[in-house]
2 protein chains.
Amino acid sequence: MTMTDPRKRLDQMISKLRENNYRITPQRLAVLRILATSTGHPSVEKIYGKVKKDFPTTSLATVYKTLIVMKEIGEVLELGFGEGGNRYDGNKPYPHPHLICTGCGQIIDPDLESLQGVTEELIKATGFKINTHRLDFFGVCPNCQKAGSKKPVEN
Amino acid sequence: MTMTDPRKRLDQMISKLRENNYRITPQRLAVLRILATSTGHPSVEKIYGKVKKDFPTTSLATVYKTLIVMKEIGEVLELGFGEGGNRYDGNKPYPHPHLICTGCGQIIDPDLESLQGVTEELIKATGFKINTHRLDFFGVCPNCQKAGSKKPVEN
DNA sequence: ATTTGAATGATAATCGTTATCTGTTAATAA
DNA sequence: TTATTAACAGATAACGATTATCATTCAAAT
Ligand SMILES: [Mn+2]
Ligand SMILES: [Mn+2]
Ligand SMILES: [Zn+2]
Ligand SMILES: [Zn+2]
């Protein structure tokens, strides 16, 4: 799997903003930097907290609005969860499976070769035209299995 | 796939309520009947609307509370969507894939033999202990493909 | 430097869901 | 059958994540 270089990813995002006639503001840049450098899947509050370290006057609404823009131009993937806020993937903005540890809260991107066959089987069986999908697995990571680790990771 | 008999399914649900020392009230029975007879995946508002036809004094809170109870005893599957409310499956309360038509809004249960292999691949690759999962496909059904059908089905 | 429409920041509004509280009732046993 | 009582129903307030609103500021083009 191609490991994305954060700097290149940031430049990609900036280019996409320019292409779509969005302005490059310091607040947006701060959000984009966090999205590009995060290996995990940060929440809005996590992004907001980090942005305020460099730019203390930033509003939570600005973070939300930036994420809406990035979703619109297809440069961030939103993972909606019922509880406690959504999570965002700025490195792989296309549909892909996720693995959530209910112990520590971490969300990782597993590689699943066998997934492609499932979509093909679905199309053949139903005649649907598939546009997107969402696949989440919930379980306990190896680290949380051996000890009752109660520490949330939240990356 | 075993087509569930609504009456048997209703009796199952009632038994489960009794086993867990929950009371059988007319309002709960009305909700259970709807869950047992629905082939689709009704929303809370849809359930509420149907319940009120037979029992006009029913409160929306009662529908919510009944669904919470049914979730707790593992007899209904909740499908959380960000927009416009959750959907419920009272016939297959275990994890299974769903296929959502973004044209008419219908949600169906496809049979996907190849899905089991995906979970096995994931366990081998990550060492996680998998407890549950969620798989949704979003697309356009054959009916909505041939004409720009704008009628929501909402079953 | 000027202009101007888009973006920011602060806050109100939204909406599905949950909590609260009072009156009612299903379930148990006398 | 009636009495008892804890659970439930109904009405509504509260909640929380997200979105809308709007006056002020500023990025970008001239
Ligand atoms: Mn991801
Ligand atoms: Mn289903
Ligand atoms: Zn863990
Ligand atoms: Zn359709």
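Figure 1. Contact means heavy atoms within 4.5 Å, and buried means under 20% relative accessible area, with exposed over 50% and partly exposed in between (1.4 Å probe, protein chains only). Helices (H or I, at least four residues) and strands (E, at least two) are DSSP runs, numbered from the N terminus. The buried residues of α4(A) are A:V63, A:T66, A:L67, A:V69 and A:M70. They lie on the same side of α4(A) because they cover an arc of only 160° around the axis, the arc being that of the directions from the helix axis to the C-beta atoms. Exposed residues A:K65 and A:E72 are carried on the face of α4(A) turned away from the buried side. This is a predicted model, in which local features need pLDDT of at least 70 and side-chain atom pairs count only at pLDDT 80 or more, while totals for chains, interfaces and linings use all residues; side-chain values use heavy atoms, with hydrogens and water left out, residues are numbered from 1 along each chain as its sequence is written, and chains are lettered from A and ligands numbered from 1 in the order in which they are written.

**Figure 2. Length and ends of α4(A).** From first C-alpha to last, the 13 residues of α4(A) reach 19 Å, close to the 18 Å expected at 1.5 Å a residue; the expected span is 1.5 Å times one less than the number of residues. The N-terminal end of α4(A) is capped by A:S59, with a side-chain oxygen 3.1 Å from the backbone nitrogen of A:A61. After α4(A) comes A:G74, which has a positive phi near 70°.

Figure 3. DNA strand D has 21 residues around it, and A:I24, A:Y64, A:N86, B:T25 and B:Q27 come nearest. Of the atoms of DNA strand D that come within 4 Å of the protein, 69% belong to sugar and phosphate. A residue is near a molecule or strand if one of its heavy atoms lies within 4 Å of it. At least two residues of the surface near DNA strand D are supplied by each of α4 (60–72) of chain A, α2 (26–37) of chain B and α4 (60–72) of chain B. α4(A) gives the most, with 4 residues. The surface near DNA strand D consists of 8 nonpolar, 8 polar and 5 charged residues. Here Ala, Val, Leu, Ile, Met, Phe, Trp, Tyr, Cys and Pro count as nonpolar, Asp, Glu, Lys and Arg as charged, and the others, Gly among them, as polar.

Figure 4. The side chain of A:R23 has an N or O atom 3.3 Å from a base nitrogen of DNA strand D. For B:K65, a side-chain N or O atom is 3.1 Å from a base oxygen of DNA strand D. B:R28 places a side-chain N or O atom 3.0 Å from a phosphate oxygen of DNA strand D.

**Figure 5. Surroundings and polar contacts of DNA strand C.** DNA strand C is surrounded by 20 residues, of which A:R23, A:T25, B:I24, B:Y64 and B:N86 are the closest. Sugar and phosphate make up 65% of the atoms of DNA strand C that come within 4 Å of the protein. A base nitrogen of DNA strand C lies 2.4 Å from a polar side-chain atom of A:R23. Phosphate oxygens of DNA strand C lie 3.1 Å from a side-chain N or O atom of A:T57 and 2.9 Å from a polar side-chain atom of B:N86. Two or more residues of the surface near DNA strand C come from each of α2 and α4 of chain A and α4 of chain B. α4(B) has the largest share, 4 residues.

Figure 6. A:R134 is placed in strand β5 (residues 129–140) of chain A. A polar atom of the A:R134 side chain lies 3.2 Å from the backbone oxygen of A:G80, and a polar contact of 2.8 Å joins the side chain of A:R134 to that of A:D136. Leaving aside neighbours within four places in sequence, A:R134 contacts A:L79, A:G80 and A:F81, as well as B:R134, B:L135, B:D136 and B:F138.

Conventions: A polar contact is a pair of N or O atoms within 3.5 Å; within protein, one must be able to donate a hydrogen and the other to accept it, and residues adjacent in sequence count only if both atoms are side-chain atoms.
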